[in-house]
Amino acid sequence: MIASQIELEAVVAVARRRGFRAAARELGMSSSALSHAVAALEVRLGVRLFNRTTRSVALSAAGEQFVVEVAPALAAIRAAIERVDEHRAEPAGVLRLNMALGAARMILAPLVFEYLRRYPKVGVDMVTEGALVDIVGQGFDAGIRLAEFVPPDMIAVPINRTMRSTVVGSPVYLNVYGRPKTPTDLTNHRCIRARMASGVIYRWEFEKRGESLALDVPGALTLDESDLMLQAALAGEGLAYLSDLAVADHVAAGRLERVLEDWSPAYPGLRLYYPSRRNAPAKLRAFIELIREQGR
C-alpha cells in the first residue's frame with residue numbers, strides 16, 4: 001500500500017489544525033477533497049486515524065502514532081523539494097503570506113502587483129489577520145509584521161526602515177473643538193480609540209525630547225480596524241492615531257490635519273520574516289530581492 005503525499009499532508013494538517021476546514025484552507029483544498037483523501041487513506045490502512053463528532057476531530061491512538069512517525073518524513077520531503085526548487089530558473093507556485101490588514105494595504109501596489117507582473121508563473125495568497133500566527137505550522141512561506149512583533153528565531157528583511165504615527169482630525173472637528181497643543185490636552189477631546197487584536201485598548205504613544213507618554217485617551221467610539229478609524233476621522237467624529245502613510249493623501253488634500261506633530265514618535269517599520277531553519281524557495285527569494293531592490 002502506497003500513500004500519496006497529498007493524503008499524508010492532509011492527515012498531518014488535520015491533526016495540526018484539529019479540524020478539516022482549517023486544514024483545507026491551509027492546504028488550498030476544498031473540505032470535501034481533503035475529507036476524501038483522509039478517508040481513502042484510512043480505508044487502505046484499515047484503521048481509523050481520527051475520531052470524528054459533529055463538534056470536534058481528534059486523533060485516534062493509531063492516528064497519534066501515525067502522525068508522530070510520518071510528520072518528520074514529510075518535513076524532510078518538503079525540505080528536499082525546496083532545495084531542488086533553488087535551481088529553478090524562474091519562480092513558480094503560490095507564495096503564501098500572512099500579515100495584518102494595514103501591512104497588506106502598504107505592500108499591495110508597490111510589491112505584490114509588481115511581483116506578479118515580473119513572475120507570471122507565480123501566484124500570491126495573502127491572508128490578513130490581526131493576531132500573530134505560527135507561519136510554519138499554518139503553512140505560510142513568510143509573514144509581514146512590524147519589527148517589534150517578529151519572532152526572534154526568524155530571518156527578518158526590512159520593507160521600510162521606519163514609520164511614524166500621527167494624530168489627525170478633520171478641519172470641521174478641529175474648528176469646533178480646537179487643536180491640542182500637548183498630549184494631555186487630549187483629555188478634553190473626542191478620540192477614536194483603538195482595540196488591538198488581543199482585545200486590549202491601545203494607549204496612544206508620544207515622545208518629545210526624551211519624554212515619553214502612553215495615554216488611554218477618552219472617546220465614545222472604539223474600533224479595531226485602522227481603515228474604519230480613518231473613515232471616522234474623515235467624518236469629523238474625533239481625533240485618530242494612525243500611520244502617517246495611511247493619512248498622507250488625505251492631509252495633502254486638506255481633508256485631514258495633523259496635530260501634535262512634534263510629539264509623533266518614529267518606530268521600526270515593516271519586516272518580512274521567514275524560518276531560519278529552512279532554505280527559502282525560489283518564489284520567496286524573488287520576493288525578497290524585489291523588497292531589497294525597492295529599498296535601495
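Modeller: A residue is called buried under 20% relative accessible area, exposed over 50%, and partly exposed in between (1.4 Å probe, protein chains only). The model is predicted, so local features need pLDDT of at least 70 and side-chain atom pairs pLDDT 80 or more, whereas totals for chains, interfaces and linings use all residues. Residues are numbered from 1 along each chain as its sequence is written, and side-chain values use heavy atoms, without hydrogens and water.

Leucine 132 is partly exposed because its relative accessibility is 48%. Leucine 132 sits in the loop between β4 (122-128) and β5 (142-146); helices (H or I, at least four residues) and strands (E, at least two) are DSSP runs, numbered from the N terminus. Together with Phe149, Met196 and Val200, Leu132 makes a nonpolar surface patch of about 350 Å². Patch members have over 30% relative accessible area and no salt bridge, with nonpolar side chains (Val, Leu, Ile, Met, Phe, Trp, Tyr) joined within 5 Å and like charges within 9 Å. The areas come from the Shrake-Rupley method with a 1.4 Å probe, and for residues only the protein chains shown count as cover.

As for charged contacts, the whole structure holds 13 salt bridges, each a side-chain nitrogen of Lys or Arg within 4 Å of a carboxyl oxygen of Asp or Glu. In one of them, aspartate 262 pairs with lysine 208 at 2.8 Å between the closest N and O atoms. Aspartate 262 lies in the loop between β13 (257-259) and β14 (266-268) and lysine 208 in strand β9 (residues 204-208), so the pair ties together parts 54 residues apart in sequence. Aspartate 262 is partly exposed at 45%, as is lysine 208 at 23%.
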